[in-house]
Amino acid sequence: MGKKVLLVDDDAKLRKLLREYLEGYGFHVLTLADGLSVAKTIREESPDMIILDIMLPKRDGLEVLKEIRMEFSIPVIMLTAKGEDADRIVGLELGADDYLPKPFNPRELLARIKAM
């Protein structure tokens, strides 16, 4: 089986589409709809990378990113509708490895994943 990716996004349709797309390229994709159990999932599943939305219910992605960085060195790509310069800079300053604004081309996301 290919590399394991944890996709955290509240949009069910996007999760389904990205899961199918990435699995078509040999990735194993785990999905979560909110940021509440990301650290637990990382401990249990040991994904190779995380794709993380910022605007999540219950806990926003920046809080989740801070939590991830306190414990893990796993690569994180922020995938979000918040594409302003300030949002990207904050995400990168908090430890994101890459930042891709929505809407995006799945092929570009795939290229960024492979680059990591």
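**Group meeting: a predicted chain**

Reading along the sequence, the protein chain follows the pattern β-α-β-α-β-α-β-α-β-α. That comes to five helices and five strands, where helices (H or I, at least four residues) and strands (E, at least two) are DSSP runs, numbered from the N terminus.

This is a predicted model, in which local features need pLDDT of at least 70, side-chain atom pairs count only at pLDDT 80 or more, and totals for chains, interfaces and linings use all residues. Residues are numbered from 1 along each chain as its sequence is written, and side-chain values use heavy atoms, leaving out hydrogens and water.

Now the inside. The largest nonpolar core has 20 residues, and L6, V8, V38, I50, L52, I68 and M78 touch the most other members. A nonpolar core is a set of buried Ala, Val, Leu, Ile, Met, Phe, Trp, Tyr and Cys residues joined through side-chain atoms within 4.5 Å. The elements β1 (4–8), β2 (28–32), α2 (38–45), β3 (49–52), α3 (61–71) and β4 (76–80) each supply at least two residues of this core. Apart from this core lies another, of 16 residues, among them F27, V29, L79 and L110.

Is I89 buried or partly exposed? I89 is partly exposed, because its relative accessible area is 44%. I89 and Y99 are 10 residues apart in sequence and 9.1 Å apart in space, C-alpha to C-alpha.

Terms used:
Buried means under 20% relative accessible area, exposed over 50%, partly exposed in between (1.4 Å probe, protein chains only).
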